[in-house]
Amino acid sequence: MIIVNTPGNWGTVYGPFLHAPWHGFTPTDWVFPTFLFVVGNAMSFALRKYESEGDSVFLGKIFKRTAIIFFIGFLLNCFPFYQVSESGAISFIDLSKERILGVLQRIALCYCIASLAIHYLKVKGSVILSIVFLLGYWAVLYFFGDQPDPYSLQGNAALKLDLMLLGPNHLYKGEGIPFDPEGILSTFPAAVNVIFGYLVGLYIQKKGNTKGTILNLILGGVVLIAVSLIWHMGFPINKKIWTSSYVLFSVGTDMIVLSVLMYLIEIVQVKKWTYFFEVFGRNTLILYILSGVVISIMHLIKINGVSLKGWLYESLFTSWLGDFNASILFAIFYMLLIWFIGYIMDKRKVYIKV
């Protein structure tokens with residue numbers, strides 16, 4: 001997520017590090033649903049603690065965590081909380097024009113929906129709810145979207161609902177029109193990624209880290225990918241409106257990748273390479289937040305009239321590399337900077353969790 005969010009120059013980015021323009025799938029489109037899948041996978045361990053506690057305790061913890069993560073996401077949208085006009089005047093941000101939803105907000109809402117479903121509906125009920133979400137979302141987009149293309153950027157029902165409930169000022173502006181890829185309606189199919197992650201985690205715990213478990217996960221992943229590709233012909237794979245076919249495709253891919261990791265780590269016992277990724281995993285939330293805050297601060301700090309980010313990019317990368325290579329290497333450099341912060345925190349046993 002850090003690499004695709006912080007290239008050196010948005011005008012020179014290799015295709016695999018960009019989202020699909022609309023319908024379709026790139027490696028970048030796999031990142032966010034995998035984050036949600038991992039949230040669900042972790043929940044298969046964490047939610048056990050709530051089984052012996054009453055509903056009031058459970059609801060209090062779920063809603064508190066949801067609210068905190070959502071609010072942090074909103075603050076990230078607003079950071080650095082002021083703006084500078086062309087004349088140089090400084091003013092505080094106008095909350096009436098700030099985006100309400102976003103990545104952390106979606107994670108918070110999907111976590112909440114999935115937690116409630118799993119706690120009250122159990123496994124069977126959560127599976128049924130997932131089917132209802134995926135089929136129901138398809139129906140809503142088809143019947144309430146503009147014909148003949150109900151899945152277009154301008155005519156999809158998810159945009160209509162966001163415009164009605166939030167208004168254009170509170171939506172993402174990066175698509176040329178007010179449109180939020182983390183909108184209200186598409187949150188429901190996105191919650192299915194979390195539920196699938198939970199179910200897969202539960203299955204692994206019951207069956208164990210065996211070759212049989214790995215084979216079954218691979219087969220399950222292949223089946224989901226096949227179904228998604230067939231569904232794609234009528235309901236296109238699309239990250240920005242989070243189509244149901246996109247959910248199945250991303251989950252199927254997650255299951256296969258997880259199976260490969262299980263084989264390497266649990267069966268073959270090749271573990272030395274994993275610490276690099278564990279550093280991110282031990283402080284996931286705070287490192288993601290820092291990845292947004294630090295780059296914003298780099299834009300604010302000026303060196304000879306140039307932002308610190310621009311100065312670093314020009315001095316360390318564009319001075320000896322081509323545009324596209326400089327852009328991707330800056331992104332990797334920045335990711336490693338955030339990793340180093342996480343490394344220091346891990347060595348000092350500093351873990352920040354919500």
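Is Leu 202 buried or exposed? I looked this up before anything else. Leu 202 is buried because its relative accessible area is 18%, and buried means under 20%, exposed over 50%, and partly exposed in between (1.4 Å probe, protein chains only).

**Source of the model.** I note that this is a predicted model, where local features need pLDDT of at least 70, side-chain atom pairs count only at pLDDT 80 or more, and totals for chains, interfaces and linings use all residues. Residues are numbered from 1 along each chain as its sequence is written, and side-chain values use heavy atoms, with hydrogens and water left out.

**Leu 202, continued.** I placed Leu 202 in helix H6, residues 187–207. Helices (H or I, at least four residues) and strands (E, at least two) are DSSP runs, numbered from the N terminus. Setting aside neighbours within four places in sequence, I found Leu 202 in contact with Ser 44 and Val 123; contact means heavy atoms within 4.5 Å. I also checked Pro 168, which is 34 residues from Leu 202 in sequence and 41 Å from it in space, C-alpha to C-alpha.

**The whole chain.** I counted 12 helices and four strands. The radius of gyration is 21 Å, close to the 20 Å that the globule rule gives for 354 residues, so the chain is as compact as a globular protein of that length. This radius is taken over C-alpha atoms, and the rule is 2.2 Å times the number of residues to the power 0.38. Along the principal axes, the C-alpha atoms fill a box of roughly 60 × 55 × 45 Å. Of the 354 residues, 46% are buried. Among contacts between residues at least 6 apart in sequence, 70% join residues at least 24 apart.

**Helix H11.** I listed the buried residues of H11 (308–318): Leu 308, Lys 309, Gly 310, Leu 312, Tyr 313 and Phe 317. Their cover includes H10, S3, S4 and helix H12 (323–347).

Most residues other than glycine have a negative phi, and most peptide bonds are trans. I looked for exceptions. Phe 79 and Pro 80 are joined by a cis peptide bond, with omega about 10°; Pro 80 sits in the loop between H3 and strand S1 (82–84). Another cis bond joins Gln 147 and Pro 148, with omega about 10°, and Pro 148 is in the loop between H4 and helix H5 (157–165).

Lys 122 has a positive phi, near 60°, although it lies in helix H4. It counts as exposed because its relative accessibility is 51%. Asn 304 has a positive phi near 55° and belongs to the loop between strand S3 (302–303) and strand S4 (306–307). At 77% relative accessibility, Asn 304 is also exposed.

**The second largest pocket.** I read its volume as about 1400 Å³. On a 1 Å grid over the protein atoms alone, a pocket is an open set of points with protein on both sides within 12 Å along at least five of seven lines, where a 1.4 Å probe fits; lining residues have an atom within 4 Å of a point. Points are joined across faces, edges and corners, and the volume is the space filled by probe spheres set on them. The lining has 42 residues, and Asn 5, Arg 99, Val 103, Tyr 172 and Tyr 288 lie nearest the centre. H10 gives the largest share, seven residues.
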